[in-house]
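This briefing is intended for a reader meeting the structure below for the first time. Please keep the sequence and the model in view while reading.

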Amino acid sequence: MQGLEDLYREIILDHYKNPRNSGTLEVPPAHQADGYNPLCGDEISIYVNYDGERITDIKNSGQGCSISRSSASLMTNAVKGKTIAEARETIKTFKRLLLLDEEGEKSEPVEIDLRKLGELAALQGVSKFPARIKCATLAWNTFTQIVDELDLQIDGAND
Ligand code: ZN
């Protein structure tokens, strides 16, 4: 298993050193949410462009530890181009990977197809370090605020 852990460490370092989708988008039209993890001092702002069907663009800016920054990079890569329903599914799968339920509480391990997760699987090891889980989930929880907001707009449009 050492080989796999090395690969995961490399992926996390790569996303930390070469962050994907970093920067900002003009608000509005973009949706913005900010997040802060007081346990570690990680900060993030996430920007999403949504065309009514898909997340057409997503950017993030912020500062923090390597886990929080690489998780933000991996998250933006994972949800870009997705519908809201698909993005929610990805959030759910990521939380399961960290042994969390949808509310972020500790849950029992669930069978996950790591191949389907792609590079996100690299964050699996964080589940062994409870102190770092808030670092890894910061970008995801902040992104969830935007997803919730977009869901409300979709519901409103259907009324
Ligand atoms: Zn952190």
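The points below treat the metal site, the sheet and its surroundings.

The structure is a predicted model, in which local features need pLDDT of at least 70, side-chain atom pairs count only at pLDDT 80 or more, and totals for chains, interfaces and linings use all residues. Residues are numbered from 1 along each chain as its sequence is written, and side-chain values use heavy atoms, with hydrogens and water left out.

**Zinc site**

- The zinc ion is coordinated by Cys40 (SG), Asp42 (OD), Asp42 (OD), Cys65 (SG) and Cys135 (SG), at distances of 2.2 to 2.7 Å.
- Donors are N, O and S atoms within 2.8 Å of the metal (3.2 Å for Na, K and Ca), and sites may look incomplete because water is not among the atoms.
- Along the sequence, the spacing of the donor residues is C-x1-D-x22-C-x69-C.
- Cys40 sits in the loop between β1 (31-37) and β2 (42-50), and Cys65 in the loop between β3 (55-63) and α2 (66-79), so this pair ties together parts 25 residues apart in sequence.
- Helices (H or I, at least four residues) and strands (E, at least two) are DSSP runs, numbered from the N terminus.
- Cys40 is partly exposed, at 37% relative accessible area, whereas Cys65 is buried at 15% and Cys135 is buried at 1%.
- Buried means under 20% relative accessible area, exposed over 50%, and partly exposed in between (1.4 Å probe, protein chains only).
- The structure contains zero disulfides, a disulfide being a pair of cysteine sulfur atoms within 2.5 Å.

**The sheet**

- Three strands make up an open sheet in the order β1-β2-β3, with antiparallel pairing.
- β1 and β3 are at the edges with a single partner strand each, so one side of each has no neighbour in the sheet.
- Neighbouring strands of this sheet are turned against each other by 15 degrees on average, direction ignored.
- Strands count as paired if DSSP finds at least two bridges between them.
- Seven antiparallel bridges join β1 and β2; His31 has Val48 in β2 as its bridge partner, and Gln32 stands opposite Tyr47 in β2.
- Eight antiparallel bridges join β2 and β3, and Ser45 stands opposite Ser61 in β3.

**Turns between strands**

- β1 and β2 form a hairpin with four residues between them, and Gly41 in the turn has a positive phi of about 90 degrees.
- β2 and β3 also form a hairpin with four residues between them, where Gly52 in the turn has a positive phi of about 100 degrees.

**Burial of the strands**

- In β1, the covered face consists of His31, Ala33, Gly35 and Asn37, while Gln32, Asp34 and Tyr36 form the uncovered face.
- In a regular strand the side chains alternate between the two faces of the sheet.
- Seven of the nine residues of β2 are buried, so β2 is largely enclosed by the rest of the structure.

Note on methods:
Axes fitted to C-alpha atoms, helices over the stretch in contact; angles between N-to-C directions.
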